[in-house]
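Here is a short walk through one protein model. Keep the sequence and the 3D view open side by side.

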Amino acid sequence: MSVDDATLQQKPEPLPSPWRSGRFRLFFTARSASLLADGMLMVSLTTAVLGAGHGASGVGYALAAWMTPIVLLVLFGGVLADRFTPQVMMICADLARMVAMLTMAVLLFSSDSVPLWQVMGLMALSGAATAMFQPGMASMVPRVAEDIQKANALLRISEALSTLLGPGLAGLLVAYWQVSGSYLVIAAAYALSAAVLLPLRKLHTERDEGDAPMWRRLATGWQEFRSRQWLWGVIAVWSVYGLFVFGPALPLGAALMIEQHGANGYGWIASADGAGTIIGGLIGMRVRPRRPLVAGALAMFCFALNPLAPALEWSFAATAIAHVVAGYGFAFWGVMWATSVQSHIPLTVLSRVSAYDVAGSIMVIPLGRALAGPAAETFGANEVLIFSSVMSCLLLAVMISVPAIRALRRAPEGLLRKTEGEPAV
């Protein structure tokens with residue numbers, strides 16, 4: 001055997017842990033801070049709107065004011081992230097969200113009855129900033145970590161912890177420091193995110209330097225998106241999944257579990273889901289399948305237990321275990337999907353492609369949630385959730401049956417190793 005043959009047969013050197021990179025530690029801190037703020041926001045918003053006397057409908061209007069700009073503007077956020085670099089857009093977005101939350105804190109501190117239109121306006125500003133933040137986040141991961149899969153797994157774990165801790169922290173602040181105090185902490189979290197992203201603003205980034213108008217940049221992102229059958233195939237399935245599974249699962253599942261196990265029991269079940277997400281992230285750090293989308297979709301079959309457990313009125317222990325397993329499946333899929341997108345899409349268009357990913361994934365979920373109530377009244381909540389569980393399995397089977405999705409292989413390790421002389425941070 002020649003020396004060259006022996007060299008080719010050697011296993012590639014293992015990629016360094018993301019924790020060894022100062023860039024990743026900064027990005028991880030920023031992402032964790034913003035996730036914690038997001039986790040606190042829903043509890044704080046609900047408490048503020050109800051306390052101001054606007055009722056449940058006011059909460060719905062405020063949430064819609066936050067969600068609508070995300071759906072409408074996320075594609076433009078992807079274009080701007082590729083044009084001005086993701087880190088610049090993320091810093092600006094964090095600062096805008098900080099201002100919105102500080103303004104909310106001042107309004108709530110100065111008055112017990114904040115007009116709903118003011119709340120909706122500030123939530124719309126926060127939603128627009130989130131639309132500018134989200135697309136760039138995905139394209140930052142390959143720039144701050146060589147081991148993309150492990151980085152995504154760590155971020156998934158951070159997301160689970162923030163989802164668990166955020167609502168509880170907001171509840172404590174509301175109880176002992178009034179709702180205005182919780183908004184001050186949310187603003188501080190967004191400020192921390194912006195501050196730790198600042199050292200990354202000089203990170204080497206391939207920018208879209210062309211003079212093409214906005215619509216042409218959007219068209220370029222769409223062309224990159226539609227040219228990959230595995231990419232748009234997953235999003236097409238995922239859109240239907242959001243309508244029939246994610247949409248009904250949360251509102252109807254929560255209502256049934258509170259009825260069956262009480263509010264305290266539901267809280268523990270939600271924590272079990274978070275624990276499963278952490279397990280999925282930990283496994284995602286270790287397991288590196290050759291066909292990541294197939295492996296992720298197989299794990300995602302576990303998510304069918306999420307709506308099924310309350311629909312069949314399982315015991316508290318069985319429901320909690322089901323949510324641990326479902327949380328694992330969702331997290332492992334998320335790691336495989338994010339890694340596949342970030343390792344197969346050119347960095348110069350990754351933010352735009354990620355924006356189409358986000359838009360296609362989330363835009364039908366509000367419709368699914370809106371239809372969940374009428375469907376439950378017509379057919380029964382248990383029956384709707386059983387249907388969601390069946391649809392979950394059928395849609396994942398359709399996804400795996402698509403040849404382009406089934407054939408996609410994991411990108412070679414080290415493919416995105418940096419060669420440029422980036423500044424140490």
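Start with helix 11, residues 316-344. Trp-333 and Trp-337 both lie in this helix, 4 residues apart, about one turn. Helices here are DSSP runs (H or I, at least four residues), as strands are (E, at least two), numbered from the N terminus. This is a predicted model: local features need pLDDT of at least 70, side-chain atom pairs count only at pLDDT 80 or more, and totals for chains, interfaces and linings use all residues. Residues are numbered from 1 along each chain as its sequence is written, and side-chain values use heavy atoms, with hydrogens and water left out.

Now look at the rings. A search of the whole structure finds 17 aromatic pairs. One of them joins Tyr-241 and Phe-246, edge-to-face, at 5.0 Å centre to centre and 65° between the planes. Tyr-241 is buried, with a relative accessible area of 0%. Phe-246 is buried too, at 14%. Trp-333 and Trp-337 are stacked instead, 5.8 Å centre to centre with 10° between the planes. Rings of Phe, Tyr and Trp (its six-membered ring) pair if their centres lie within 6.5 Å; planes under 30 degrees apart count as stacked, over 60 as edge-to-face and the rest as tilted. Both Trp-333 and Trp-337 are buried. Buried means under 20% relative accessible area, exposed over 50%, partly exposed in between (1.4 Å probe, protein chains only).

Trp-230, Trp-238, Tyr-241, Phe-246, Phe-303, Phe-330, Trp-333 and Trp-337 form one aromatic cluster.

Two arginines also meet rings. The charged end of Arg-83 sits over the ring of Phe-84, 5.3 Å from its centre. For Arg-97 the ring is that of Phe-133, and the distance to the centre is 4.5 Å. The rule asks for NZ of Lys or CZ of Arg within 6 Å of the ring centre and within 35 degrees of the ring normal.

Last, the cysteines. How many disulfides does a search of the whole structure find? The count is 0. A disulfide is a pair of cysteine sulfur atoms within 2.5 Å. The sulfur of Cys-393 has its closest cysteine sulfur in Cys-302, 9.6 Å away, so the two are too far apart for a bond. Cys-393 is partly exposed, with a relative accessible area of 31%. Cys-92 is partly exposed as well, at 45%.
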